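Morning, everyone. Please bring up the model on your screens and keep the sequence beside it.

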Amino acid sequence: MNTTYIYKKANSILGFAFIIISMVSCQDYLEEQPSTLIDSNYVYTTEEGLKSGVVSLYKFNRDRYDQRTEDYMGAVLLSSRSDLTFSRSGYTGLMGRYERGVSPIDYGTELVSSLFWKHYYNITNKATDIINAAEVVDNIDEDTRNQIIAEAKFFRAQSYFFLYRMYNNIYVTTESVTVDNAFNVIENKSSKDEIFALLNSDLNFAIEHLDWNVNFGRVSKGTAKHIKAKVAMWQGDWLEAKEQALSVIEDPESPHSLVSSTADVFKGDLNNSEQLFVIQSQDDVLGGGDATMMNANYVTQYFQISGINSDIEQGGRGFSRVLPNLYLLNLLAEDPNDTRDDNTYFRLKYYYNTGDNIGDEIDIYKPITDLDNPSDTYTRYYQRLHPSCIKFAQEDDDPNSYTQRSNILVYRLAETYLIAAEAILRSSGDALPYINAIRTRANATPLTSITMQDILDENARELAFEGERWFTLKRMGTDVLNNQMINFSGDGEYYPNYFGGSKDPRINWKDHYINFPIFQEDLDLLGASYPQNTGY
């Protein structure tokens, strides 16, 4: 088990004991008894308690998007660290430019520890407790037992998979933390074989026992198959990835299909036929989730220009932290009919909506044309008129607020199509129908032949800013990742050199950044021989 969380769990046990002692010492003053008592005995020994435990996994999973840490960096960090974005400002900018989060002891690494390492290990521990309790609890029918275990195993697999892709040097276990083993020391990371054996075992159980059709917001057979396909891609098992992806796309029982246009993908509450997992939020409801700043990070500050107020159609209220870079914009521009940069996924232009010029395009700032003579209008362009990602701007958002409480699309079928195309290209069969299904939906010209670069480029156009690009590059290998980061991340000469080369992620990038550093305090809680990631 992971001692980082053993420590926290031991503290919880001691804290609970202190509360009990305090209650006993104050029994003369505390005469009323609660009408209900929900404790660990209830949660882990009753059907309703175990079901409540599963619901809590959804809540903890949502925390990464809700957490109020450095402008919700947990939701946007991985988008900032890619070859498709320009990280302009804020702490997210520092992380995206590799100025922070690059050593075991800096504040950026501490934030990443809270938002990812601790977050996902917390989920794996809770899921393991639920699984182990559900396997032995009495007075529960087998279908209900298997449903509970399947959802918990999905979240355990998803969490360990995320940790592996971020950190590589992780420890996995199926053992619950107890008083007897709470202070056992972990001396070494798990092997790759051990990690993938657990991932596949958990996902196979989830696939077997989850249904295709579930309430929106719950994980389904399709969700589990999608993640199983992604896991297979990391193992280089192209046939398994192909089988799982095609099952989600083509199985007669699968309820999933691509929506008809790019304008519909991120429309409304996102609970459409393309979704494979949507985090649910609701205003003014206890348990409805916290507000996030995902959208604000990705949208420019156009509303600071006289004659235009912030409105949802143009992206809502943003502060230009993480923006689509020239490389991504040029990929989108390759086909002039591609609708993804036509105010569906990305907005390129802004228009006056007040005053005498209503409806006119705003063009008072321009991108740089003379690299030797940058002007103030150049920096204002990046702040106020730069193209934005508007995937996370929803119709019922408050246009005057940086924070929104909105559903978040985590996994969707378009990615499954691209997984299928790549897996087929790497194994056998015709990959063109699957990549062209994505292009045709976007009104782009279908391809007549296909290469791995085509897959990578289409992945950029379709899935940018959805948090998976970093993992895709890493999975494709060090050479691919290094090439993309060194040649395309940030905006190269067009922006950072105006402030000095230290702000250019292409210059700051180092090979060992392929893995995040383990925060030193987390490492100190593990055994003395537990390995830090290479290079740190």
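One definition before anything else: helices (H or I, at least four residues) and strands (E, at least two) are DSSP runs, numbered from the N terminus. This is a predicted model, so to speak of local features we need pLDDT of at least 70, side-chain atom pairs count only at pLDDT 80 or more, and totals for chains, interfaces and linings use all residues. Residues are numbered from 1 along each chain as its sequence is written, and side-chain values use heavy atoms, with hydrogens and water left out.

Now the overall picture. The protein has 21 helices and six strands. Buried means under 20% relative accessible area, exposed over 50%, and partly exposed in between, with a 1.4 Å probe and protein chains only. Of the 536 residues, 58% are buried. Contact means heavy atoms within 4.5 Å. Take the contacts with a separation of 6 or more: 71% of them join residues 24 or more positions apart.

Let's start with a loop. Asn-169 sits between α7 (142-167) and α8 (192-209). Is Asn-169 buried or exposed? Its relative accessibility is 5%, so Asn-169 counts as buried. Which residues does Asn-169 contact, leaving aside neighbours within four places in sequence? They are Trp-117, Lys-189, Ile-518, Tyr-530, Pro-531, Gln-532 and Asn-533.

Next, another loop residue. Ser-82 lies between α4 (73-80) and β1 (85-87). With 4% relative accessibility, Ser-82 counts as buried. Its side chain reaches the backbone nitrogen of Leu-84 at 3.0 Å. Not counting residues up to four places away in sequence, Ser-82 touches Arg-469, Met-485 and Ser-489. Now look at Glu-468. Ser-82 and Glu-468 are 386 residues apart in sequence, yet 9.2 Å apart in space, C-alpha to C-alpha.

On to helix α16, residues 432-441. How many of its ten residues are buried? Seven are, so the helix is mostly covered. The seven are Leu-432, Tyr-434, Ile-435, Asn-436, Ile-438, Arg-439 and Arg-441. Their cover includes α10 (238-250), α11 (262-265), β6 (408-412), α15 (413-426) and α17 (452-463). Just after α16, Asn-443 takes a positive phi of about 65 degrees.

One of those covering elements is β6. Five of the five residues of β6 are buried, so the strand is largely enclosed by the rest of the structure. Two strands pair if DSSP finds at least two bridges between them. Strand β2 (residues 275-279) and β6 run antiparallel, joined by four bridges. In one of them, Gln-275 has Arg-412 of β6 as its partner.

Rolling a probe the size of a water molecule over the atoms shows where empty space is left. On a 1 Å grid over the protein atoms alone, a cavity is a set of points where a 1.4 Å probe fits but cannot get out; lining residues have an atom within 4 Å of a point. Grid points are joined across faces, edges and corners, and a volume is the space filled by probe spheres set on the points. The structure holds five cavities of 30 Å³ or more.

Asn-139 has one of about 60 degrees, although it is not a glycine. Asn-139 lies in the loop between α6 and α7, and at 78% relative accessibility it counts as exposed. Ser-320, also not a glycine, has a positive phi of about 55 degrees. Ser-320 is buried, with a relative accessible area of 0%.

Note on methods: Polar contact = N/O pair within 3.5 Å; in protein donor to acceptor, adjacent residues only side chain to side chain. 1 Å grid on protein atoms, 1.4 Å probe; cavity = no way out; pocket = protein on both sides within 12 Å on 5 of 7 lines; lining within 4 Å.
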